[in-house]
Amino acid sequence: MKSEPAIQTRQLTKVYAGRTVVDAVNLHVPRGSIYGYLGANGAGKTTTIRMLLNLHKADSGTIHVLNQPLSAFAAVAPRIGYAPGEIRLYDELTGLETLEYYQGFLSGPAVLRKPLCEALKMSADDLNKKVRYYSQGMKQKLLLIQAMQHDPELLILDEPSERLDPAIQMRLYEWLLGLKKRGRTIFFSSHNLPEVERLCDYIGIIKSGRLIVEEALDALKNRLKHKIRFVFTRPPDVLPEMPEAHWERLASDEAYLHYRGSIAPLWPQLSGLPVQQIDVPESPLEAFFMDYYRREGTVS
């Protein structure tokens with residue numbers, strides 16, 4: 001990945017009570033990209049994010065955010081939006097007062113507040129209620145709006161779709177993709193693999209504090225093994241031979257097709273088959289993720 005980085009770390013390490021929770025992590029997050037930081041609970045995702053934001057001090061290593069070392073973080077902080085994974089809000093403030101409170105730390109206007117509230121279904125009545133009366137989903141939406149309302153150059157989100165219903169998740173994804181089109185950078189932690197596949201240009205996978213994979217998602221998907229299940233209306237006379245793929249017979253009228261990369265070049269050879277049903281039993285990214293974790297023990 002050679003693009004100019006919005007975030008770059010070198011040998012980033014954090015130790016708690018003799019346990020290394022982030023272990024020599026080298027991150028490279030290109031500007032104008034969406035980067036998914038994947039890992040099981042306790043893998044080190046949140047600790048990494050807190051060090052990027054100068055909320056936790058690293059024990060060793062270096063961090064550059066928006067081309068500035070962490071020693072100059074105060075200068076770049078107004079260009080960053082952050083939504084933490086945990087919800088800690090002032091119960092006695094209204095939603096609107098909460099947004100104004102956070103915006104008060106910045107010099108510019110909340111230029112995206114109104115369209116964000118519309119997109120995430122936060123009405124004027126909702127914003128005039130005290131936060132103590134909010135559901136967990138409404139609190140999550142409020143956190144996301146405060147992170148994005150000033151149109152930050154870099155957005156850092158810790159498990160952003162947690163607590164959101166599916167319809168609001170889709171609206172959030174549309175917003176994040178729209179921000180990327182405008183040149184913004186989004187770095188978010190997740191263990192939601194379909195979400196990562198939908199959104200990300202790059203991924204990093206962290207396991208027990210170590211970054212075990214960092215790669216462009218398209219490049220990774222092109223070299224992963226894919227599997228599609230075909231059910232036929234009748235047993236086909238012959239299954240076409242393809243150098244890029246191979247068949248696994250399950251029954252006379254059922255088979256798996258195994259292949260790498262895109263299936264598009266294979267469709268002309270598949271079009272003549274008497275197909276009744278096609279299933280994709282497992283995401284190749286999910287299989288890849290689980291395989292990396294199983295190599296060193298069970299997922300925590």
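## R223 and its salt bridge

R223 is partly exposed, with a relative accessible area of 42%, where partly exposed covers the range between buried (under 20%) and exposed (over 50%), computed with a 1.4 Å probe on protein chains only. R223 forms a salt bridge with E215, the closest N and O atoms being 2.7 Å apart, and E215 is buried, at 18%. A salt bridge here is a side-chain nitrogen of Lys or Arg within 4 Å of a carboxyl oxygen of Asp or Glu.

This is a predicted model, in which local features need pLDDT of at least 70 and side-chain atom pairs count only at pLDDT 80 or more, while totals for chains, interfaces and linings use all residues. Residues are numbered from 1 along each chain as its sequence is written, and side-chain values use heavy atoms, with hydrogens and water left out.

## Other salt bridges

The salt-bridge rule gives a count of 14. One of them joins R184 to D151, with the closest N and O atoms 2.9 Å apart. R184 lies in the loop between helix 7 (166-181) and strand 9 (185-190), and D151 in the loop between helix 6 (136-148) and strand 8 (154-158), so the pair ties together parts that are 33 residues apart in sequence. Helices (H or I, at least four residues) and strands (E, at least two) are DSSP runs, numbered from the N terminus.

Another salt bridge links E254 and R229, whose closest N and O atoms are 2.6 Å apart. Because E254 belongs to strand 14 (residues 254-260) and R229 to strand 12 (residues 225-232), this pair ties together parts that are 25 residues apart in sequence.

The chain is divided into domain 1 (5-221) and domain 2 (224-295), with bounds that come from an automatic or database domain assignment. Their centres, taken over C-alpha atoms, are separated by 37 Å. Contact, meaning heavy atoms within 4.5 Å, involves 16 residues of domain 1 and 10 residues of domain 2.

The two domains bury about 1100 Å² between them, 76% of it on carbon and sulfur atoms; buried area is the accessible area (1.4 Å probe) that two parts lose on being put together, summed over both. Of the area that domain 1 buries against domain 2, L193, L220 and K221 supply 42%, more than any other three residues. Between domain 1 and domain 2 the count of salt bridges is 0.
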